[in-house]
Amino acid sequence: MQEEVVDVVEVDTEDTSPVVAPFNVTEEERISWFKGKLPEFVIFDSDERARRFHGRVLEFFDHECETQFFMTWISPVRSFGSREFLSMESVFRAHPRGCLMILSRTMDSKRGYRLLKPLQDRGFKVHAVTPDLSFLFKNTPAEAWFAEMKKGNKDPGEIPLAQNLSNLMRLAVLYKYGGVYLDTDFIVVKSFSGLRNSIGAQSMDAEMKHWTRLNNAVLVFDMNHPLLHKFIEEFSLTFDGNKWGHNGPYLVSRVVQRVENRPGYNFTVLPPMAFYPVDWTRIGGLFKKPKNHADTKWIKAKLLQLSGETYGVHLWNKQSSRVQIEEGSIMQRLISNHCIICKDIYSS
């Protein structure tokens with residue numbers, strides 16, 4: 001049963017931007033700054049709304065959900081645009097009876113509710129819920145790390161802490177509940193129903209036929225999976241808020257490299273074609289319309305390739321967020337084939 005609109009509270013945090021640490025300062029200076037700014041880190045709050053998190057999750061994911069999907073949104077609600085909406089649409093196009101929960105304080109608001117309502121009105125199960133990070137990390141290797149961070153005793157690093165907390169939240173929510181985690185810049189092109197305990201390779205060594213880097217933009221795991229426990233442990237032991245990717249894609253790569261041949265882990269590394277069929281350096285090509293016969297042939301061949309072993313396409317938003325989708329491009333065709341409301345395709 002979808003929660004009623006009256007359950008969604010209007011809050012003044014819905015447009016709160018992540019607090020950004022000062023650059024070019026010493027670790028001691030940054031920790032001092034961090035302690036002074038702690039009240040502004042609303043993501044730490046375990047207020048009444050956050051404390052209802054577990055109950056809301058259990059109520060939302062009932063027996064009618066064929067697949068449990070999670071996303072996180074740590075930005076202001078005004079930043080949740082048409083591309084993110086198309087990502088949600090693609091989830092339901094491939095999984096009409098799936099359920100999608102967005103872990104987000106900003107989206108758990110009247111404004112966020114209005115954004116999700118067009119999908120809810122069509123019978124799809126999607127909801128935004130304020131996460132209780134203290135509960136999520138309790139009884140995991142991240143519990144002590146988070147307690148120290150909340151006290152301001154650790155260096156958050158130069159990278160926005162909320163961004164790194166998103167890396168940890170996805171691991172913890174799958175560890176507690178199981179299901180599928182997706183980044184909001186991912187277009188689903190076929191059902192995940194056959195996948196279990198899987199992570200995707202971002203790149204492969206063509207000669208050795210072995211992955212060279214994994215990514216954490218898509219994770220499919222059972223509850224209490226030992227690999228997730230290892231990921232959370234690695235995050236807590238090696239956290240570094242100054243290196244992009246260290247607590248995310250590089251983390252999962254480090255851990256899997258250590259445990260992939262050990263007994264008891266039971267997981268699959270899928271080839272790049274599964275989730276990352278186009279590298280971030282080439283993603284712009286998917287947005288361009290064909291200029292000649294050779295381009296048209298390439299687009300047809302690529303679409304045929306994507307209809308095979310690809311479950312979805314990661315759009316690498318950091319590189320492609322400002323690139324317009326052109327009519328006749330691969331992106332236009334992909335989205336047209338996997339959207340539901342299909343609004344604002346060219347402005348996404």
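The following questions and answers concern a predicted model and the grounds for describing its features as they are described.

Q: Why is the pair formed by F41 and F44 called stacked?
A: The ring centres of F41 and F44 lie 5.6 Å apart and the planes meet at 20°. Rings pair if their centres lie within 6.5 Å, and planes under 30 degrees apart count as stacked; the pair of F41 and F44 is therefore stacked. By this rule the count comes to 24 aromatic pairs.

Q: What makes the pair of W73 and F80 edge-to-face?
A: For W73 and F80 the distance is 5.0 Å centre to centre, with 80° between the planes. Planes over 60 degrees apart count as edge-to-face, so the pair of W73 and F80 receives that name. Both W73 and F80 are buried.

Q: Which residues form one aromatic cluster?
A: The cluster consists of F69, F186, F192, F275, Y276, Y311 and W316.

Q: How do you know whether F41 and F44 are buried or exposed?
A: The relative accessibility is 5% for F41 and 6% for F44. Buried means under 20% relative accessible area, so F41 counts as buried, and so does F44.

Q: Which members of the largest nonpolar core touch the most other members?
A: This core has 56 residues, and those that touch the most other members are F44, F70, L136, F137, L165, L227 and F231. Helix α8, residues 161-177, contributes the largest share of the core, 11 residues. Apart from this core lies another of 52 residues, among them V77, V126, F192 and I299.

Q: With which residues is L227 in contact, leaving aside its neighbours within four places in sequence?
A: L227 is in contact with F221, V255, V256, V259, Y265 and F267.

Q: Which residues of helix α14 are buried, and what covers them?
A: In α14, residues 330-338, the buried residues are I330, M331, Q332, L334, I335 and H338. Their cover includes α4 (82-94), β5 (186-188), α12 (293-306) and β9 (312-314).

Q: What makes the phi of N197 and of K209 worth noting?
A: Most residues other than glycine have a negative phi. N197 is not a glycine, but its phi is positive, about 45°. K209, also a residue other than glycine, has a positive phi near 55°. N197 is in the loop between β5 and β6 (198-205), whereas K209 is in the loop between β6 and β7.

Q: How do you know whether N197 and K209 are buried or exposed?
A: N197 has a relative accessibility of 4%, and buried means under 20%, so N197 counts as buried. K209 has a relative accessible area of 66%, and exposed means over 50%; K209 is therefore exposed.

Q: What lines the largest pocket?
A: The largest pocket has a volume of about 1,200 Å³. Its lining comprises 38 residues, of which Q163, D183, D185, W244 and K318 are the closest to its centre. Two or more lining residues come from each of α8, β7 (210-221), α10 (249-259) and α13 (317-320), and α8 gives the most, with 5 residues. By class, the lining has 13 nonpolar, 17 polar and 8 charged residues.

Key:
Residues are numbered from 1 along each chain as its sequence is written. This is a predicted model: local features need pLDDT of at least 70, side-chain atom pairs count only at pLDDT 80 or more; totals for chains, interfaces and linings use all residues. Side-chain values use heavy atoms; hydrogens and water are left out. A nonpolar core is a set of buried Ala, Val, Leu, Ile, Met, Phe, Trp, Tyr and Cys residues joined through side-chain atoms within 4.5 Å. Buried means under 20% relative accessible area, exposed over 50%, partly exposed in between (1.4 Å probe, protein chains only). Helices (H or I, at least four residues) and strands (E, at least two) are DSSP runs, numbered from the N terminus. Contact means heavy atoms within 4.5 Å. On a 1 Å grid over the protein atoms alone, a cavity is a set of points where a 1.4 Å probe fits but cannot get out, and a pocket is an open set with protein on both sides within 12 Å along at least five of seven lines; lining residues have an atom within 4 Å of a point. Grid points are joined across faces, edges and corners, and a volume is the space filled by probe spheres set on the points. Ala, Val, Leu, Ile, Met, Phe, Trp, Tyr, Cys and Pro count as nonpolar, Asp, Glu, Lys and Arg as charged, and the others, Gly among them, as polar. Rings of Phe, Tyr and Trp (its six-membered ring) pair if their centres lie within 6.5 Å; planes under 30 degrees apart count as stacked, over 60 as edge-to-face and the rest as tilted.
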